[in-house]
Every structure is written in C-alpha cells, then in structure tokens.
Amino acid sequence: MIQPTIREEPPVAGEPQADCLFCKIVSGEVPATVVRETDTTVAFRDINPQAPTHVLVIPKAHYPDAASLAAAEPQVAADILCETSAVAADEKIDGTGFRVVFNTGSGAGQTVFHAHAHVLGGRGLNWPPG
C-alpha cells in the first residue's frame, strides 16, 4: 500500500515564522537595541555594524525579501523607506549622507530572509559598493 506524502503547509505571507530571527525580534522573544518603532516597522542596531551608523528597518509582518514585500504590501514598503529617513535624522547622518540597502537573495548577501533595509552612514561610502 502506498502511503500518502504529508506535506507541510507553506508559510502564509505576512505571518510570523517560528524560525525567523527578525520575527523573534518583532515579538520580543529575541532582544535588540530598538531605535524606532511604528505600527508597521521596527528599527534596531545591526549586531555586526559595517559603518558607524548601521540600523536595520524591518516590517513587523514577515516577507522573505523586499521584492515580495513590495508586491504584497506596497504601503508597508513605503513605511520602511519613510523610517529609513527618520532613522537618518535621529542619528544625525541625514545632512552628511547615508545609504539605504536592500539585499534580496543570498547572491546579493541576504542572510536573514525577512525583508529589511540597512541604513548606513557616519563614514564615506564608496561607489560602487561591494
């Protein structure tokens, strides 16, 4: 007799994922140095900063990357961009220049698959990056 294959249901877009570090930060299960929070976003200091100012801005809802977030919830994607500007102002790097980076996919350096923007500043940022 052939046994049916039991398949795990795919994650529901926008729902917290039990194995996601950033979902755990949103829920308060994992501590972070939060610098800003809105109804839809959380901004916190990166634990491995690549510049004097390195803050991550994430949506509270789980989407694996910026592209999937923008397709599903364009207003939340816009909220993230607005918060990157607010972080830069709070960190006093808005006048000297800052960079906003979304890594999408492992080939681009994404290591946590929950959409997030990096706000980088406080030093010269060369072009091209990498």
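Predicted model: local features only at pLDDT ≥ 70, side-chain atom pairs only at ≥ 80, totals over all residues.

User: Which residue pairs with arginine 36 at 2.6 Å?
Analyst: Glutamate 83. The two form a salt bridge, and 2.6 Å separates the closest N and O atoms. The pair links distant parts of the chain: arginine 36 sits in strand β1 (residues 34-37) and glutamate 83 in helix α3 (residues 74-90), 47 residues apart.

User: And glutamate 83, buried or exposed?
Analyst: Glutamate 83 counts as buried, at 10% relative accessibility.

User: What does aspartate 90 do?
Analyst: Aspartate 90 also forms a salt bridge with arginine 36, with the closest N and O atoms 2.9 Å apart. Aspartate 90 lies in helix α3 and arginine 36 in strand β1, so this pair ties together parts 54 residues apart in sequence. Aspartate 90 is partly exposed, with a relative accessible area of 44%.

User: Where do arginine 45 and glutamate 91 lie?
Analyst: Arginine 45 is in strand β2 (residues 41-45), and glutamate 91 is in the loop between α3 and β4 (98-101). Their side chains meet in a salt bridge, 2.8 Å from N to O. That ties together parts 46 residues apart in sequence, so here too the pair spans the chain. Arginine 45 is partly exposed at 33% relative accessible area. Glutamate 91 is partly exposed as well, at 21%.

User: Which residues end up in one network through shared partners?
Analyst: Arg36, Glu83 and Asp90, joined by salt bridges that share partners.

User: How many salt bridges does the count come to?
Analyst: Four salt bridges.

User: Switching to the hydrophobic side. How many residues are in the largest nonpolar core?
Analyst: The largest nonpolar core has 14 residues. Those with the most contacts inside this core are Ala43, Val55, Val57, Leu69, Ile80, Val87 and Val119.

User: Which elements give two or more residues to this core?
Analyst: β3 (53-59), α3 and β5 (117-121). The top contributor is α3, with five residues.

User: What is valine 57 in contact with, neighbours within four places aside?
Analyst: Thr41, Val42, Ala43, Ile80, Glu83, Thr84, Val87, His116, Ala117 and Val119. Glu83 in that list is also the salt-bridge partner of arginine 36.

User: What does the second core include?
Analyst: The second core is separate and has nine residues, including Cys20, Cys23, Val42 and Leu56. Val42 is also among the contacts of valine 57.

User: Now the overall layout. What pattern does the protein follow along the sequence?
Analyst: α-β-β-β-α-α-β-β. That is three helices and five strands.

User: What share of the 130 residues counts as buried?
Analyst: 35%.

User: What about contacts between residues at least 6 apart?
Analyst: Among those contacts, 53% join residues at least 24 apart in sequence.

User: Last one. What does the accessible surface come to?
Analyst: About 8,000 Å², with 55% of it belonging to carbon and sulfur atoms.

Notes:
Residues numbered from 1 in each chain as written. Heavy atoms only, no water. Helix = DSSP H or I, 4+ residues; strand = E, 2+ residues; numbered from the N terminus. Buried < 20%, exposed > 50% of the residue type's maximum accessible area, 1.4 Å probe, protein only. Core = buried A, V, L, I, M, F, W, Y, C linked by side-chain atoms within 4.5 Å. Contact = heavy atoms within 4.5 Å. Areas by Shrake-Rupley, 256 points an atom, 1.4 Å probe, with all protein chains shown as cover.
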